[in-house]
Structure formats: C-alpha cells, structure tokens
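Student: Please take one part of this model and go through it closely. I would like the packing described, and then its setting in the chain.

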Amino acid sequence: MGLVIYNTLTRKKEPFVPSHPPKVGLYTCGPTVYNFAHLGNLRSYIFEDVLKRVLLWNKFKVKQVMNITDVGHLTSDADTGIDKMLLGAQREKKTVWQVAEFYTKAFQDDLKRLNILPPTTWCKATEHIKEQIALIQKLEKKGYTYFRGGNVYFDTSKLRDYGKLALLERQTETQARVEKDPNKKNQHDFVLWFTTSKFQEQEMKWPSPWGPAGYPGWHLECSAMAIKYLGEQFDIHCGGIDHIPVHHTNEIAQSEAATGKKPWVKYWLHNEFLVLAEGKRMGKSAGNILTLAELEQQGIHPLDYRYFCLGTHYRVPLMFSPAALEGAHHSRKKLREKVLELKKEKEGKKDSAVAKKYLHQFTEQINDDLNTPQALATMWEILKDEELGGKEKYVLLRQFDEILGLGLQKIREEKIPPEITKLAEERLNARRRKDWKKADELRQKIQRQGYTVGDTKEGPKESYEIKRA
Ligand code: AMP
Ligand code: ZN
C-alpha cells in the first residue's frame, strides 16, 4: 500500500499523490513567540515531524516551511482580545523584539530536544511585511476588500465557497462565540491590515498604503510566506484542529481569492489536542500548561514525551497524566536497554523472510495515515520474536527509528559523568549522617540532570548505583 492520509478538506482518507513527484511542498503553522511552547503545542510539532519522516521514508523530497509569528496578535483567533506579544513584553519588562528573539530560540531548542527535524525554511512574519502588503493589494484590485474604521477587511461574501474546510455547523458555532465588530459587513469577515490598533502602545508598526503605521492581520502571514516559498499551489498544510474554523479557513480564502487557483493546498492535516483529565485542552488561556523544561525537572526526558505522543494516533485526543508519562519513560528506558544488548550481538541472520515481513508490516502501518501506536507495537513484537536473530532485530529497530525518532540510532554504553558521581558520593555521606533532607535534595539534583541514583548493599557496606533516567 502506498501512503494514505486523512484530508480534512474531504473528511476522508486519500492516497497521497503530490502535484510534482517526488517533490512535496509542506507548510506547517509555527508558534507565536511570546512564551514557551507548551506540551499541547509540541504534540502538533511531533505529529508534523512524523508526517515528514513518513514522506521521506516513501522517498519523497520534502520542502518544509515553518513560520514564526513574531508580530503581535490578538489573543482570540477572530480579531479580538489583547496583543500576545505586548503581553509578553509587559510581563518580562523587555521590548517585543527581545521577547520574540528569546522565545524563537527557546522553541527551536525544544524541537531539537524532541528530535524533530528542522524545516527546510524558517520564516518570520516581521521579515515578510512587503509580501503581506502585496497580497492585500492583489485582493484589493480584485475587489475582495473594504476599508472601514481604519482597517482593511476581507469580504467573505465575495467568495462563494468560503468556509469549505470547516463544516458549516461547527464554523457558525465558533463564530457565534466571537465578539461582534461593528465595522464588519459580514460576521466571518476578518482584518487584513490594521491602522487603528485595538490596543495601546503597539510597538511593531510598518508604513503601508493604508496609513503611516500599521500591522498585518494574523492569517495573512501564512498565505504570503507559503506562496513565496512553496508556490501558488502546493501539497500539504498542517496544524492543530483549532486552526480549522478560523485561521486555516481564512488562509484558504485570501490565498485562493488572490491567485484565482484552486485548491491552494491539496491535503490539509490536523492533529487533535492534548487534554487534561477533565477533557479540557491544554492551553495558555486555560492556564493549565506544562513546558518541556518542567517535565525535565521531574526527570522525564523530552524523548519520553515523544514516545508518549506516538502511543496515540494523532487524530485522537491524547489524555495527559503523570502516570501515563511515567509509563512512557519506563518503556523507553527498557527499549534502550534492549537495543544496547542487541547492539553487542555478533553478526547472525540477515534479511530473513521474517525480518522482511516485519519491515513490510511497519511500512503498511505508518503508511496508513501515520498509525504510530501500531508501529510501536510492531517494534515490541520484534523484540519478543525468537525467529529473528539479535543483529537482525537491531537493524530493524534502527530503521524504524527513522520514523519514530526515539534516538535509538545514537545509543551507546554511557559513562557516568564525574560530577554526577561526586553528587552521588555526597548523597551517600548525607545518608550516613542521617541528614535525610540533604540526601533528598542531592537525589533531586541528580535527577534533574537526567540520572537516577538507587541504594544497594555491597556485603555489609552501603553503596549506590547510578543510571540514566
Ligand atoms: P499557537 O502558538 O497557539 O498558534 O499553537 C501552535 C500549535 O499548537 C497550533 O498548531 C495549535 O493548533 C497547536 N495546539 C495548541 N494547543 C494544543 C493542544 N492542547 N494540543 C495539541 N495541539 C495544540
Ligand atoms: Zn498559519
């Protein structure tokens, strides 16, 4: 079976056929850089990374573009609320530019720690103002815009198929919750360019044909940059499901109206949310977020979180719980130990029929709309299968890791760094003095650096054992 993916546009699984094989154009909506990414956001980027790796597995040549939203935008998708970047700057007593630079770097660091392959092209909204203005002018010329209350709006009534990505029912529901803007001719219209700010002290402003100082609407940057780097029509566009009713719907509207070419994007892929026990989405506005750094402080490695995400299909809500994460942590640890053992095996069987069967099975699973839970199960099945030789298992697992990205290819016997051993010695001495508080502090310090320390007895003597967490 060739690659089959679920297309939000048709609500069906479809064979993947790019427009210019083997080339594939992939656009993935990036973060707004006013805070650290939370685990929910990172679920999206892990899903997109798996998608990209599956495309590469199928021998496609992928050009991936990811934007950085560094222009201040409103906390609501629909042109209301407060400016996110300004919020960040006030909180941290920095300029919005400093905030953007800091969190862009933090986001790129998170991706690296999650073993996410970097996009071919990073692009910042603030570096593409010219392209965004040109896109509005194109829309203006074709009669898709109007100017009211100092802002340029997109007139959705001019586009017959506006909202085709979102199911109508759902869209009406979402829009109904949105505060009404008296300048809008139609409920779904959206701002392309602001000259009258909805908040004070907007720092990021640019001259434009509509006034001396203004800034673009949020949806515009993705259309302008995707067209610039991937062309007027391309293959895949991704994001979380919250982007379906407003952001992606508006991206489609302005892109197809400007170029006159349909469809702008052939396949739209969306991931479901990371949710908490009450079924509530993890999100900045809900105030229930956790970052990767916070997980690490609890001794959970970023790749444990990746493993945890792979265990649930990307179109199914993923329930966050400390116990489930702990489970992922232990599974990955066991996996690493097994891989280390297998690595030491002597050359044995090669390319047996059983190995080929597993390779085929794995390929079928990932090609079936990225079925990572089944792919993980195949990996464990291989480890138990006595018909396979040790070296053969090792080779298969390394291959699978091209998709799973669990760092299995880099595993080697680890030497414990001397500073960790020193901390463990200090802890043992604290225990001997019965200073339990100090001993516990030191244990936590060791854990924060990615190691665990356990107590053992060597005959009558107390000792310790250090392991990678
Ligand atoms: P934002 O920075 O808010 O634009 O979000 C970046 C990405 O994270 C988008 O693709 C969102 O759809 C996605 N996202 C936000 N919250 C969650 C969540 N709880 N679970 C999964 N994805 C999310
Ligand atoms: Zn976007």
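**A helix pair and its domain**

H12 and H13 are roughly antiparallel to each other, because their packing angle of about 170° lies over the 145 degrees at which that term begins to apply. The model is predicted. In it, H12 covers residues 372–384 and H13 covers residues 390–404, and the two axes are 10 Å apart.

On the H12 side, the contact is made by Leu-376, Thr-378, Met-379, Ile-382, Leu-383 and Lys-384. H13 contributes Lys-393, Leu-396, Leu-397, Phe-400 and Leu-404. By class, these residues divide into eight nonpolar, one polar and two charged.

As for the setting, the protein chain is divided into domain 1 (4–271), domain 2 (292–410) and domain 3 (418–468). Both helices, at residues 372–384 and 390–404, fall within the bounds of domain 2, 292–410.

Five residues from domain 2 and four residues from domain 3 take part in the contact. Between them the domains bury about 380 Å², with 49% of that area on carbon and sulfur atoms. On the domain 2 side, Gln-297, Lys-333 and Arg-336 lose the most area to domain 3, and together they account for 56% of what that side buries. The count of salt bridges between domain 2 and domain 3 is zero.

Definitions and conventions:
Residues numbered from 1 in each chain as written. Chains lettered and ligands numbered in written order. Predicted model: local features only at pLDDT ≥ 70, side-chain atom pairs only at ≥ 80, totals over all residues. Heavy atoms only, no water. Axes fitted to C-alpha atoms, helices over the stretch in contact; angles between N-to-C directions. Helix = DSSP H or I, 4+ residues; strand = E, 2+ residues; numbered from the N terminus. Parallel < 35°, antiparallel > 145°, perpendicular 65-115°, else oblique. Contact = heavy atoms within 4.5 Å. Nonpolar A, V, L, I, M, F, W, Y, C, P; charged D, E, K, R; others polar. Domains from an automatic or database assignment. Buried area = accessible area lost by both parts, 1.4 Å probe. Salt bridge = Lys/Arg side-chain N within 4 Å of Asp/Glu carboxyl O.
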